Amino acid sequence: MSNHISFFKSVEDYVDKAASFTDIPRGLIEQIKACNLVLQIRFPVQIGNDYEVIEAYRVQHSHHRLPTKGGIRYAESVDQDEVMALAALMSYKCALVDVPFGGAKGGIRINPGKYTVDQLQNITRRYTAELVKKNFIGPGIDVPAPDYGTGPREMAWILDTYQALRHGEVDSIACVTGKPVTQNGIRGRAEATGRGVFYGLRECVSYEEDMQKIGLTKGIAGKTMVVQGLGNVGSNTALISQKEGGVKIIGISEREGSIFDANGIDVEQLLAFRKEHGTIIGYPGSTHIGGPLTALELECDILVPAALENQITTENADRIKAKIIAEAANGPVTADADTILRKKGVLILPDFYINAGGVTVSYFEWLKNLSHHRFGRLENRFQHNAFGRLLDKVVELTGREVSERDREILTRGGNEVELVNSGLEDTMITAYQQVRETLKMHPEIPDIRTAAFVCSLKKIAGDYISMGIFP
Ligand code: NAD
């Protein structure tokens, strides 16, 4: 195994700790923790004049709800332990945010940067064919999505391969989510995880008494933030927090190193700079402060690790100065580091809550695909006309006119992206309130992560009990 700390074991430890605050029978906890199906695949792909044997996985952690759901990761860190841990986190994540799926995850052990687009396409299509062969993919079976190293392009290849092999299946477009909008994807999915991180953070900092405890004022505007990893999740978290929340991004880290600017970094401009120069180092106004881990130690209100697992360990936990850590990546804080940070009073928003925006909007995409129509298509014009009639009546009764601009704003029906974002916002707020309520009702529960696991465990246990599997 590539990680000397077993990621899966650390998820199990968290679950065991949370289980001790519930009265769920031990046998049921063991069933909830276990990975139900593990597929390990090796297949050859032609690379240049030779063949390479590719190592890949798909893990379905829990079948208490179907289909199972979870992203596909392309990274050199991929091994069975990592995919099992990520699949398990998906089960707890889906339960926490009331997305009716079991957890799953896939991974291919490659560095995608080393392959051409054609080679990546071959690898992705062959992987999908293996999943089809083993019945590990399908709208009612197991539905992949993007994760580290993959995006809409890979999802489009997966869909096309699936449809070629399962020709005529009426719901086939729901076999994968995170697809390009033009390929039956949904508006708002690309930025959903980062947007969800923002909504979760904004809700967390909105409680005065909670903020007082960690020496912060209430409200998101003006908070300082440091982000590790400018990929899908990190860049969208930073962009949306800056644009919609008035957050000041003072530090950013990428593979090539960390930069700092006390006056704030314009994320949009930095992304354009990196695209042009291939690095964040040298961005005007910023200081190069060290390697990829250095930014994690900056003094800030909110730290957002959004790259990979095991970034904050016993080695650097003592030097972390952030007041809040939002685990946008999965597993960025090891269990030992978590203990050190909690002793220091750091508020940690756990991965399976704070990055749940992706799977939430994937759920909306799956619903859209199964219903074969775009959200808002039926009601948009109806709402517009109904609001218009209401406004006409108000104008008639009051004798006061409204401007054309106001009329446009007041009578507009919701379009797809607005409906998606509103569903996402509601999901992130509701889940945080559930966790916070659990903490308040059970003061013996030590932290937010444990309280969130308690919420998930109770819901999954409830499913098993109502199935009649456990008394
Ligand atoms: P991504 O591939 O789009 O981006 C990851 C970024 O991290 C890349 O830009 C990469 O260069 C950078 N990076 C790699 N090593 C680094 C290091 N040591 N220091 C700083 N930066 C580094 O991946 P993503 O989809 O944004 O996923 C990031 C994390 O978020 C993963 O843990 C993933 O499991 C989790 N996540 C992703 C989604 C999603 O919808 N994509 C949903 C939930 C959770």
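Domain bounds here come from an automatic or database domain assignment. For this chain, I get domain 1 (35-183) and domain 2 (186-376 + 414-471).

Before going further, I note that this is a predicted model, where local features need pLDDT of at least 70, side-chain atom pairs count only at pLDDT 80 or more, and totals for chains, interfaces and linings use all residues. Residues are numbered from 1 along each chain as its sequence is written, and side-chain values use heavy atoms, with hydrogens and water left out.

**Domains**

I looked up the spacing: the centres of domain 1 and domain 2, taken over C-alpha atoms, are 24 Å apart. Domain 1 puts 39 residues into the contact and domain 2 puts in 36 residues (contact means heavy atoms within 4.5 Å). About 3100 Å² is buried between domain 1 and domain 2, and carbon and sulfur atoms give 64% of that. Buried area is the accessible area (1.4 Å probe) that two parts lose on being put together, summed over both. On the domain 1 side, I noted His-64, Lys-93 and Leu-96, which supply 22% of the area it buries against domain 2, more than any other three residues.

**Ligand**

Next I checked the ligand. I count 22 residues around it, with Arg-73, Asp-147, Thr-193, Glu-254 and Arg-255 the closest (near means a heavy atom within 4 Å). The shell splits into eight nonpolar, nine polar and five charged residues; Ala, Val, Leu, Ile, Met, Phe, Trp, Tyr, Cys and Pro count as nonpolar, Asp, Glu, Lys and Arg as charged, and the others, Gly among them, as polar. Both domain 1 and domain 2 give residues to this shell, so the ligand lies between them.

For side-chain N or O atoms, I find Thr-193 at 2.8 Å from a ligand oxygen and Gln-228 at 3.5 Å from a ligand nitrogen. A polar side-chain atom of Glu-254 is 2.5 Å from a ligand oxygen. The protein covers 88% of the 830 Å² of accessible area that the ligand has on its own (Shrake-Rupley method, 1.4 Å probe).

Most residues other than glycine have a negative phi, and most peptide bonds are trans. I logged two exceptions. The Leu-66 to Pro-67 peptide bond is cis, with omega near 5°. Asn-184, not a glycine, has a positive phi of about 70°.

Notes
A polar contact is a pair of N or O atoms within 3.5 Å; within protein, one must be able to donate a hydrogen and the other to accept it, and residues adjacent in sequence count only if both atoms are side-chain atoms.
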